[in-house]
Amino acid sequence: MNLFTEAKSIVKLNIRDYGMYIALIVIMLTFTIMTDGLFISSRNISNLLDSAGYIAVLAVGMTLVIVIRHIDLSVGFVAGFLGAVAAIFMTQLGFSIWITIPVILLFGILIGCFNGFLIAQLGIPAFVATLAGMLIFRGALLNVTEDTGTIIINNDQFNAIGNGFIPSLMLVNGLHLLSLLVGVAAIILYIYSEISTRKNKMTYGFDVMSSGIFLIKLLLVSLIIAYITWILAGYNGFSWTMVIMLLVVVIYHFLTTKTVLGRNIYAVGSNPEAAHLSGINVKKITYIVFGSMGMLAALSGLLFTSRLQSATTTAGTLFELDAIAAAYVGGVSSAGGVGRVTGAIIGAVVMACLSSGMNLLGTGISYQYMIRGGVLAAAVIFDVMTRRQRA
Amino acid sequence: MNDYILEMNNITKEFPGVKALSDVSFKVEKGEIHCLIGENGAGKSTLMKVLSGVYPYGTYKGDIVFEGEVQQFNEINDSVRAGIGIIYQELALFPDLTVYENIFAGNEIKKGPFVDWNETVVQATRMLKKVKLNVTPETLIKDLGVGKQQLVEIAKALSKDVKLLILDEPTAALNENDSENLLDLLKELKSQGISCIMISHKLKEVISIADKATVLRDGKTICTLDAQKGEITESIIIKNMVGREIEDIYPKRPDKKIGETVLKLTDWSAYDTQLGRKVAKNINLEVKKGEIVGIAGLMGSGRTELALSIFGNPKNYKLAGELEVHGEKKNFKHTSDAIKAGIAYVTEDRKGDGLFLIQDIKINVSAAHMKGISKKGILNLNEEVKVGTDYKKSLNIKASSLEQVVGKLSGGNQQKVSLGKWLFTGPRILILDEPTRGIDVGAKFEIYTIMNELIKEGLSIIMISSELGEIMGMSDRIYVMAEGAVKGELAIEETTQETIMELATQ
C-alpha cells in the first residue's frame, strides 16, 4: 500500500474524529483571509483562547454528562453563584486564594453530587432535576449579591488566573522564552508518547501504520503545536487560563481513554442495563460524572470571575447552553456512549473562533446568533450522517 | 382450482451474512386456518414480516398475491389497508389506556375533525362481543390478564375489517383455559370467512385446529400438510420440522464427571415490588459441578426473573430464602458481587441488556472484567486487544476485525461475543438464558460444543431454554417452571417432551 492510499483510508475510517479538526481549520482560514490576517494575529488568538476557557472546561464536563445520557442545566448559575461566593470569601472574609480555590471546587463537587443524588438515587430526570438547580442557583446568586451588587475583587493573584500570563523568563527575538520551552516540551512529550505506544504495539505484534505515514503524522502535529506556540509566544505567551484548560484536557483525556473509570463511563452511556449486568455500578458512575461536572462548573465560575475581576449579578447566564453547544459541535451524541473530551475543547474553540471572527468583521449580533446556530445544526447533521454510514 | 386469498411465491430475503428465507412459497386458501411451523430461527417471523410490510417491497425477492392482486407493501399501513392484521407475540397495546381507546388506536372514529368517543364505545362493545370478551370497554389494559389482552388485540384487528389474521405464537403466554378460548374463537372467525395464519410451537394446538400446516426449516419451505388427507399428525410434523435425527444437533459428551454441589437455593422467593407480585415462589434448586441443569418453562414462567434474583438482583426484587454458592451463604448486593463469586449470566436479550452495540468487539469482551486488562485502574489497551483476539479465535467469532462494531454482527456472532465477555470473567457457574435464540443452526452447534468443553473444565451451567430439543439434548437434569414456581425436577433419562409440557402448563 503506498502512502497516499494508506493516508486516504485512515482519514476515511476516522472521518468522524477528524471532521471537527478540519472544520476548525477551515473556519480559521476563512476568517484569516476575510480579515487580511488580523484573525490569526498573536493578540487575537491569545484573547480568543482566553475567552473560550470558562466554556471549554464546562464543555468537558458536559460531554461526560451527555455521554451517560443525561444533561446538566444548572452549571451556568452554579458557576455564577460559586464565583460570587469566591469573591465574598476573598473580599469580605479575607481568605487567601489558596483556601478559596480548593473550598470553591469542593462546593462544586458537593453540588454536583447532590444532582447525582436526585438523578441516580431518586430517579428524577436530569433535565428536571438540574432545571430546578438552575432556578435555585440563579436565586442564590442574586441573594448573595443583593446587598453589594457587583463585587469588585482586588486580589491580584486571583485576577491573574483570568488575565495573567506565565512568566516569560526572558525575550528571545521578542518571543517569550518559557512559553517557547513549554511548546518544545509539549512536542517532545507528544513524540515520545507516540513512539512508545507504537513500540508497545509492535512488541504485541499488532499492525501499526507504516513508518512513512507515522513520520508524516508526527511532523504534522509537531508543526501545529510549534505554530501555535510561536503565535502565542509573540504576544504575551501562554496565559494561566490556557494552562488550566490544557491541564483539564490532559487529565480528562487520560481518565476517559486510559482508565477503568473512563471505560465504565462509556459503558454506562452505551447501554446502562448491560453495564449494570456487567457488574458496573451505574449509580456510582452517575455520582462521579455529576460530581466532576460540579467541580468543573466551580472552576468555570472561578475563571469567569477572575477574568472580569469581579462577581456580577448575572454571571453564568446561558453558560450551560454554550457548553452544551460546544459539546455537540465537539461530536458528543445524545444517544449516549459517544463523545471525546478533546472534541469538547475543539467545539468550544470553534464557537469562540466564530464569535471572535465575526466581531472582527463587524457582523451584527443578530447574524452572529444565527450563524452559530447554523454551525451547531451542521455539526449535528454531520454527526448523524457519518454515523448512518458506519451503521 | 383452489381459491387462494394469499399466495407468496418464491420469497427470498437476505440479511448481511444470512439468508433468512430462500425461495419460500406459501399459500393460504380463503376461510382456512393455516399453521406455520418450524423451530426458532426457521424463518417464520421473517416471512410474516415480509407479508405485513415490515420489510418493505423491494428488500426481498419474489411476489405476494393477496386476493388475486400482486401487492407492493411499503409499510405496515399498506398491508393493514389491504386487510391483513398481524398480532405479535409481544402485544402492542397501551397499558395505561382503556380497552376502547386501544381497539381504535390509530383508527379513530371521527365526527368531523373530532374523535367520536360515544360511537367508539358502541363499536368497541360490538367488537368485544365478537371476540367473546366480557369486560367493559372502559377497563384499562393493564388491569387485564395476558389472555384477555390477546383478545383485545384480535378485536382491534377485527375493527379494521381484517380478511387475513396472523397470530404469532398467540398461546405462548396463555394458560390452558385461555388458550382453548382463543382457539375456539379462531374457529368461529373462520366460520365467518376470516382466514387465519397461526405460528405455533404447540403441536397439540396445531393438530386440533389446523386445516393446513406449512413447515419451514432453515429458511426453506419443507412441505404443506393437509388435515383432510390426514397428514397433520405429531409424527409427520416433527419429522419434517427436524428433518434429521435429534441426536445429531447436540454434540455428545462422553465422560460425565459430576461433582459436589456448587449452588443451592432453599425456599428462595423474589417479590417484584413494581409488578406487585412474586416472580419466584419458594424455589428449591441445586446445581452440581460439571453439570448442565436445564430450566424449562414457557415464556413468562419466571425463569429469567429467577436467574436475575440469583445474579446480584439488578431489578431490586425483595428476596427471601437462602442462596449458597460453593457451600457459603451469599447475599449479593450488586451484580459485581455475584461476578466476584464466580457467577456469570448471559442474558436472553443480548441486544437489550447484554451487549454494548455501538462499541467494538474487544471493548465488549473486556467489559465485565476490567481487572483483567488493567493495573490500579489504568487500562492496558494492548492487553485488551490480545484478549479480544484470543476470544475471537477460540470462539470463532466471524468479523472483519476486532474493531468491528458489535451491532453490525449477525445474531450468532453477537451471542459468541456475549459468551466471550462472560468467559473472560473466569466464572465457575454460568447461567445461559436462551443461549441459542435467534441464531442459525451452525452457530448453535458451536455454542453447544463450547458448553460441553466448559463442563469438561469443571464449570457448572444453568441453561434456561424454551426449546425442548435443546433442553433435552444438552441437560443432565431439568427443572420445569411455571408461574414462578418449580413444578418438577426430571432426570434426563425419564424426560419426554410430553412430561415437560405437562409440568410447564400446570
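Author: Start with one helix of chain A. The cover over the buried residues of H6(A) includes helix H4 (75-91), helix H5 (97-121), strand E1 (151-152) and strand E4 (310-311) of chain A. Cover here rests on contact, which needs C-beta atoms, placed from the backbone, within 7 Å. Helices (H or I, at least four residues) and strands (E, at least two) are DSSP runs, numbered from the N terminus. This is a predicted model: local features need pLDDT of at least 70, side-chain atom pairs count only at pLDDT 80 or more, and totals for chains, interfaces and linings use all residues. Residues are numbered from 1 along each chain as its sequence is written, and chains are lettered from A and ligands numbered from 1 in the order in which they are written.

Reader: Which residues of H6(A) are called buried?

Author: They are Ala126(A), Ala129(A), Thr130(A), Gly133(A), Phe137(A), Arg138(A), Leu141(A) and Thr145(A). Buried takes 20 or more other C-beta atoms within 10 Å of the residue's own; exposed is 12 or fewer; partly exposed lies in between.

Reader: What span should helix H6 of chain A have?

Author: The rule is 1.5 Å times one less than the number of residues. For the 20 residues of H6 (residues 126-145) of chain A that gives 28 Å. The end C-alpha atoms are 28 Å apart, so the two agree.

Reader: Why is Asp36(A) called exposed?

Author: Asp36(A) has 8 C-beta neighbours inside 10 Å, so it counts as exposed. It sits in the loop between helix H2 (15-34) and helix H3 (42-67) of chain A. Its phi is positive, about 55 degrees, although Asp36(A) is not a glycine.

Reader: And what label does Glu483(B) get?

Author: Partly exposed, because 17 other C-beta atoms lie within 10 Å. Glu483(B) lies in the loop between strand E23 (477-482) and strand E24 (485-491) of chain B. Its phi is also positive, near 45 degrees.

Reader: What makes chain A as compact as a globular protein of its length?

Author: The radius of gyration, taken over C-alpha atoms, is set against the globule rule: 2.2 Å times the number of residues to the power 0.38. For the 391 residues of chain A the rule gives 21 Å; the model has 22 Å, which is close, so the label holds. Chain A has 16 helices and four strands. Of its residues, 43% count as buried.

Reader: How confident is the predictor?

Author: pLDDT is its confidence in each residue, from 0 to 100. Chain B averages 88, and 96% of its residues score at least 70. For the complex, ipTM is 0.87 and pTM is 0.81.

Reader: How many residues make the contact between the chains?

Author: Chain A gives 22 residues and chain B gives 26. On the side of chain A, H11(A) supplies the largest share, five residues.

Technical notes. pLDDT is the predictor's confidence in each residue, from 0 to 100. Two residues are in contact if their C-beta atoms, placed from the backbone, lie within 7 Å.
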